[in-house]
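Reader: I have the sequence and the coordinates open side by side, and I would like to go through them slowly with you. Could you take my questions as they come?

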Amino acid sequence: MINIVLFGPPGSGKGTQAQNLIEKFNLKQISTGDLFRFNIKNETALGTLAKSFIDKGQLVPDQVTIDMLIDELKKPTDAQGFIFDGFPRTAFQTEALESIVKDVLNDDIDICLSLVVEDEILVQRLLERGKTSGRTDDADENIIRNRIKEYYAKTAEVAELYKKQGKYVEINGVGEISEIAEKLYTEIEKVK
């Protein structure tokens, strides 16, 4: 089993590369955004609780997210591992994820892969995406720059923790999609 934390600022190609990793290694992607949407849509107890915070414009407490993650990991799967996307975002969440993977899967996080792309390229990619995606947050350059800045501020401490564990690897996210995928595959093969 291989467990990957996948990092990348908005516009880094993380979604595309996650799909490549899923197909190549038979992994299951766990995105906190997807977990929230699923639980809220299906009106689970956790979804209702999360929605009560969201409706007030508040952040959903870590424990609610953690409980959703645990529920998801306990579901039967034939996947050969997991890609964690959007979690962890803080040192506390990193430690929680390590514990969850150990307790629920009897395993460890193997690697943290971080797609690195210059800010100006990210902005251009997102503005391009905004023309076709219909996402309003991809159409305003100021919002885009703020999202990128927020991403770096949030994930810096997580990157540091994985660097200390020797599990953090940066991959240049600029180039042909297939070339970037090959770089990711190579790093995963090293820890498989």
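Reader: To begin with the inside, how many cavities of 30 Å³ or more does the count come to?

Author: Please keep in mind that this is a predicted model. The count comes to 1 cavity of 30 Å³ or more, and the space in the largest cavity is about 30 Å³.

Reader: Which residues line the largest cavity?

Author: Its lining includes Val 5, Leu 6, Phe 7 and Gly 8, together with Lys 14 and Tyr 151, and also the residues Phe 84, Asp 85, Gly 86, Phe 87, Pro 88 and Arg 89. Both β1 and β3 supply at least two residues of this lining, and the largest share, 3 residues, comes from β1.

Reader: And how do those lining residues divide by class?

Author: For the largest cavity they divide into 7 nonpolar, 2 polar and 3 charged.

Reader: Let's move to the open spaces. How much space lies in the largest pocket?

Author: About 1500 Å³ lies in the largest pocket. Its lining has 42 residues, and those closest to the centre are Lys 14, Thr 32, Gly 86, Arg 89 and Lys 154.

Reader: Which elements give two or more residues to that lining?

Author: They are α1 (14-25), β2, α2, α4 (62-74), α6 (119-133), α7 (141-164) and α8 (177-191). The element that gives the most is α2, with 6 residues. By class, the lining of the largest pocket holds 12 nonpolar, 17 polar and 13 charged residues.

Reader: What about the second largest pocket, what volume does it have?

Author: The second largest pocket has a volume of about 160 Å³. It is lined by 15 residues, and nearest its centre lie Ser 114, Tyr 151, Tyr 152, Thr 155 and Tyr 168. Two or more residues come from each of β4, α7 and β5, with α7 giving the largest share, 7 residues. The class make-up of this lining is 10 nonpolar, 2 polar and 3 charged.

Reader: Now the sheet, please. In what order do the strands run?

Author: The sheet is open and has 5 strands in the order β2-β3-β1-β4-β5, with parallel pairing. The edges are taken by β2 (28-31) and β5 (168-172), each of which has a single partner strand, so one side of each is left without a neighbour in the sheet. From one strand to the next, the twist averages 25 degrees.

Reader: Over how many bridges do β1 and β4 pair?

Author: Strand β1 (residues 2-7) and strand β4 (residues 111-116) pair in the parallel sense over 4 bridges. In one of these, Ile 4 has Ile 111 in β4 as its bridge partner.

Reader: Which strands does α2 touch when it packs on the sheet?

Author: Helix α2 touches β2 and β3 (81-85), and its direction makes about 75 degrees with that of β2.

Reader: Then how do α2 and α3 cross, and why are they called roughly perpendicular?

Author: The axes of α2 (residues 32-41) and α3 (residues 45-55) come within 7 Å and cross at roughly 105 degrees. Angles of 65 to 115 degrees count as roughly perpendicular, and the two helices are therefore described that way.

Reader: Which residues meet there?

Author: From α2 come Phe 36, Asn 39 and Ile 40, and they meet Leu 46, Gly 47, Ala 50, Lys 51 and Ile 54 in α3. Sorted by class, that contact has 5 nonpolar, 2 polar and 1 charged residues.

Note on methods
Residues are numbered from 1 along each chain as its sequence is written. This is a predicted model: local features need pLDDT of at least 70, side-chain atom pairs count only at pLDDT 80 or more; totals for chains, interfaces and linings use all residues. Side-chain values use heavy atoms; hydrogens and water are left out. Axes are lines fitted to C-alpha atoms, for helices over the stretch in contact, and angles run from 0 to 180 degrees between N-to-C directions. Angles under 35 degrees count as roughly parallel, over 145 as roughly antiparallel, 65 to 115 as roughly perpendicular and the rest as oblique. Contact means heavy atoms within 4.5 Å. Ala, Val, Leu, Ile, Met, Phe, Trp, Tyr, Cys and Pro count as nonpolar, Asp, Glu, Lys and Arg as charged, and the others, Gly among them, as polar. Two strands pair if DSSP finds at least two bridges between them. On a 1 Å grid over the protein atoms alone, a cavity is a set of points where a 1.4 Å probe fits but cannot get out, and a pocket is an open set with protein on both sides within 12 Å along at least five of seven lines; lining residues have an atom within 4 Å of a point. Grid points are joined across faces, edges and corners, and a volume is the space filled by probe spheres set on the points.
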